[in-house]
Amino acid sequence: MRLILLGAPGAGKGTQAEILSKTLSIPTISTGNILRAAMKEGTPVGLEAKAYVDAGKLVPDEVIIGIIKDRLAQPDCANGYILDGVPRTIPQAKAMEEMGVQVDCALSIEIEDETIIQRMSGRRICKDCGQPFHVVSNPPKKEGVCDLCGGELTVRKDDAPETVRARLETYHRDTEPLKDFYRERGKLRTADNQSTIEATTAEIKRVLGI
Ligand code: AMP
């Protein structure tokens, strides 16, 4: 299964990608996580990306295309993958097609902007491994500590309310047109966000027929 997860920031792509990744035994590729790791390490890509990410803007397409080309060439992608947060623009989607990337499905998680703004305020992320949590809907076993690696949980800088609004605007302008792009190719499926993570997973599985 080669799956693209589409949806606004805060729609639950990262959380659902992790769940589906275990169910299907295929890796999740999150350009957001790759960029945050690069920023933390201070690599040239990380230094270039930082100003964009912190402001809630999209990193230039060439940077993302380079990242995705390298990542998809890794052996663990041979049996499929879940793309979380990429492509995010039509040029990225076209570049992926030109690379020969063939996806089975682009699944869009549908959610209202207002629900996202309320939800993002409770979002936490592990500083070390990037695992997402939520203080209400997906709390860690121990407050402030990652269940997976014991790392410290923090609020992402770009989850501040004004940055969330900027990211939503960017989503509607640059990313939402991808729904038509994949619809035209017969690949688009949509799943409505539900009130719990489990219910959303069930809805996604129903839509994908898995
Ligand atoms: P995410 O974790 O997917 O919400 O991504 C966090 C931030 O990383 C975004 O707000 C962008 O600044 C940047 N980013 C991640 N993926 C992409 C992409 N495919 N294209 C451009 N920017 C991206």
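**Charged pairs and backbone details**

Mentor: Good morning. Asp174 and Arg173 form a salt bridge, and their closest N and O atoms are 3.1 Å apart. By salt bridge I mean a side-chain nitrogen of Lys or Arg within 4 Å of a carboxyl oxygen of Asp or Glu. Please note that this is a predicted model, in which local features need pLDDT of at least 70 and side-chain atom pairs pLDDT 80 or more, whereas totals for chains, interfaces and linings use all residues. Residues are numbered from 1 along each chain as its sequence is written, and side-chain values use heavy atoms, without hydrogens or water.

Trainee: Is Arg173 buried or exposed? And what about Asp174?

Mentor: Arg173 is exposed, because its relative accessible area is 53%. Asp174 has a relative accessible area of 23%, so it counts as partly exposed. The cut-offs are under 20% for buried and over 50% for exposed, with partly exposed in between (1.4 Å probe, protein chains only).

Trainee: Why do such side chains pair at all?

Mentor: Opposite charges can pair when the charged atoms of the side chains come close.

Trainee: How many salt bridges are there in the whole structure?

Mentor: The search finds 17. One of them joins Arg71 to Asp76, with 2.8 Å between the closest N and O atoms. Asp76 is partly exposed because its relative accessible area is 39%.

Trainee: Which residue does Arg156 bridge to? Is Arg156 buried or exposed?

Mentor: Its partner is Asp158, and the closest N and O atoms of the two are 3.0 Å apart. Arg156 is buried, as is Asp158.

Trainee: Going back to the bridge between Asp174 and Arg173, which residues elsewhere are joined by shared partners into one network?

Mentor: You will recall the 3.1 Å between the closest N and O atoms of Asp174 and Arg173. Elsewhere, salt bridges with shared partners link Arg123, Arg156, Asp158, Asp159 and Arg167 into one network.

Trainee: Now the backbone, please. Is the peptide bond from Val86 to Pro87 cis or trans?

Mentor: The bond is cis, and its omega is near 0°. Pro87 belongs to the loop between strand 3 (81-84) and helix 5 (90-98). Helices (H or I, at least four residues) and strands (E, at least two) are DSSP runs, numbered from the N terminus.

Trainee: What about Ser25? Is its phi positive or negative?

Mentor: The phi of Ser25 is positive, at about 55°, although this residue is not a glycine. Ser25 is found in the loop between helix 1 (13-24) and strand 2 (28-30).

Trainee: Is Ser25 buried or exposed?

Mentor: Its relative accessible area is 63%, so Ser25 is exposed.

Trainee: One last topic: where is Arg165?

Mentor: Arg165 has its place in helix 7, which covers residues 161-175. Its relative accessibility is 46%, so Arg165 counts as partly exposed.

Trainee: What separation do the C-alpha atoms of Arg165 and Gly56 have?

Mentor: Those C-alpha atoms are separated by 8.7 Å, while Arg165 and Gly56 are 109 residues apart along the chain. You can find both residues in the view above.
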